Each structure stands twice: as C-alpha cells, then as structure tokens.
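Please have a look at the display before I start.

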Amino acid sequence: MPTYDEARTRVIELAQFAASRGWLPATSGNLSVRVSHTPLTFAITRSGADKARLRPEDVLLLDADMRVQGEGPYKPSAETTVHVALYQKFDCGSIVHVHTVYNNLASELYADRGFVEIRGHELVKALGHWEEDAVVRIPIVPNWADLKRLGWAVAEAAQADVPAVLVRAHGVYAWGDTPDDARRHLEAVEFLCEYAYKLHLARAGSPMIG
Ligand SMILES: CSCCC(=O)C(=O)COP(=O)(O)O
Ligand SMILES: [Zn+2]
C-alpha cells in the first residue's frame with residue numbers, strides 16, 4: 001500500500017496522463033489512489049482543481065466518511081461519493097473518472113439498453129477477458145444530480161469482471177488494483193467506446209458491415 005505522499009504522486013501522474021489525452025476538460029474528472037484498507041483512506045483530487053495542472057496540495061487524504069485528514073482550505077471532489085462506494089464494493093487500489101466525447105456518445109447511444117456491448121474485440125483482453133469470442137458489457141447509469149445516489153448507482157451497476165461504469169452524458173469511472181491497472185482499464189474503455197460509436201455509424205451507413 002502506498003504512503004499518502006506516494007499516492008499523491010500517483011494521482012498526479014494519472015491526471016497528467018489523462019490530461020495529455022484531453023480527457024479532463026474544463027476542470028472535469030477526479031482521480032484517487034487507496035492508502036489503507038482498514039480503515040479505508042485514500043488520496044483524491046480536490047473539487048474544482050484544474051486536473052491538468054495538479055499541485056501536491058490539490059490531492060487530499062480522506063477517510064470513508066469523506067472527512068479530509070489534516071488542515072487546509074480545500075474541499076474534496078464532489079464525486080467522492082462514487083469513489084467511496086467503489087472502494088467499499090471492491091478491493092481496488094485506484095479509481096479514475098474522466099469526461100470524453102466518445103464515452104459521452106456511447107453512453108447516450110446505448111442508454112436505453114443500459115450497457116455498451118463489445119463482441120469479439122481484441123482489446124477486451126486489457127479488461128481481463130482472454131476467452132475466445134468474449135462479450136463484455138460496460139454498464140451505463142443515469143447521471144443522478146444527487147451525488148450519493150450516483151455513488152450507489154455506480155456501485156450497484158459495477159461488475160467484478162468489467163472494471164468500468166459509464167455515467168450517461170457525463171463520463172466514465174474505471175478502476176484497478178493499482179494506478180497502472182486503472183489507467184490500462186481506462187484506456188481500453190475509451191478505445192472501445194470510440195469503436196462502439198464509430199461501428200454504429202459505419203453499420204448505419206453501410207449495410208455491408210455486419
Ligand atoms: C466542470 S465538471 C463538473 C463536475 C464533474 O463532473 C467532475 O468530474 C469534477 O468534479 P470535482 O468536484 O471532482 O472537481
Ligand atoms: Zn464528472
């Protein structure tokens with residue numbers, strides 16, 4: 001388990017990676033790394049910070065009741081409720097949340113179905129699915145304005161074998177045992193959302209594509 005200082009550094013590295021891809025526009029997104037299991041503590045970005053330019057003081061140490069440990073002027077992410085709900089459901093070590101055009105488009109396109117389905121695509125291996133002809137369903141939940149409700153909804157929809165949940169017309173939460181795992185899962189889900197959306201367009205434009 002990392003120390004708070006190490007977890008802060010990992011959070012900043014994750015944010016720099018996501019920002020380099022344009023996945024944290026206009027101060028959106030929040031990122032966290034677990035520091036301890038029992039009791040749960042984790043390092044998470046402060047609310048409203050520009051995640052592309054995080055300073056160490058923009059990453060706060062919190063407990064399971066979302067109380068900031070230590071002194072300081074900053075409030076934790078407004079979406080800390082989702083991080084706590086996921087840490088409590090899974091034994092994961094890191095959670096990343098980003099807003100992108102393709103995860104928004106895929107969530108909107110398949111909102112009524114409640115999931116984005118990926119069939120027989122190589123990149124589902126990055127999500128831990130190595131079986132032949134794997135079918136992976138990434139759940140979609142409504143974008144509840146009540147953030148406690150959003151946290152419950154994401155945790156309820158989250159499946160142990162698919163490390164991501166889409167929030168309709170908002171963004172995606174992805175997680176993993178380590179910050180590197182969370183990052184890999186995020187990259188795979190972003191790729192697959194773009195693929196699912198473009199495949200839908202291609203099929204609509206050309207009945208030859210099955
Ligand atoms: C300007 S983005 C709206 C809030 C949001 O969805 C988000 O991810 C960032 O919220 P935070 O409180 O973590 O800064
Ligand atoms: Zn958000």
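Leaving aside residues up to four places away in sequence, Pro142 touches Ala153 and Arg168, where a contact means that the two C-beta atoms, placed from the backbone, lie within 7 Å. What we have here is a predicted model, in which local features need pLDDT of at least 70 and side-chain atom pairs count only at pLDDT 80 or more, while totals for chains, interfaces and linings use all residues. Residues are numbered from 1 along each chain as its sequence is written, and chains are lettered from A and ligands numbered from 1 in the order in which they are written.

Pro142 sits in the loop that lies between β6 (135-141) and α4 (147-157); helices (H or I, at least four residues) and strands (E, at least two) are DSSP runs, numbered from the N terminus. Its C-alpha atom is separated by 5.9 Å from that of Val167, although the two are 25 residues apart along the chain. Why is Pro142 classed as partly exposed? Because it has 15 other C-beta atoms within 10 Å, and the class falls between buried, which takes 20 or more such atoms within 10 Å, and exposed, which takes 12 or fewer.

As for confidence, the mean pLDDT of the chain is 97, with 99% of its residues at 70 or more, pLDDT being the predictor's confidence in each residue on a scale from 0 to 100. The model scores are ipTM 0.99 and pTM 0.97.

Let me turn to the sheet. Eight strands form an open sheet with mixed pairing, in the order β3-β2-β1-β4-β8-β7-β6-β5, and two strands are said to pair if DSSP finds at least two bridges between them. The edges are taken by β3 (59-63) and β5 (115-119), each of which has a single partner strand, so one side of each is left without a neighbour in the sheet. From one strand to the next the twist averages 20°. Strands β4 (residues 94-98) and β8 (residues 171-176) pair in the antiparallel sense over five bridges, and Ile95 stands opposite Trp175 in β8.

Two helices pack on this sheet. Helix α2 (residues 80-89) touches β1 (30-36), β2 (41-45), β3, β4 and β8, and its direction makes about 150° with that of β2; axes here are lines fitted to C-alpha atoms, for helices over the stretch in contact, and angles run from 0 to 180 degrees between N-to-C directions. Helix α4 touches β6, β7 (164-167) and β8, its direction making about 165° with that of β6. Within α4, Leu150, Gly151, Ala153, Val154 and Ala155 are buried, and the buried residues of this helix pack against α2, β6, β7 and β8.

Finally, Leu60, in strand β3, counts as buried because it has 25 C-beta neighbours inside 10 Å.
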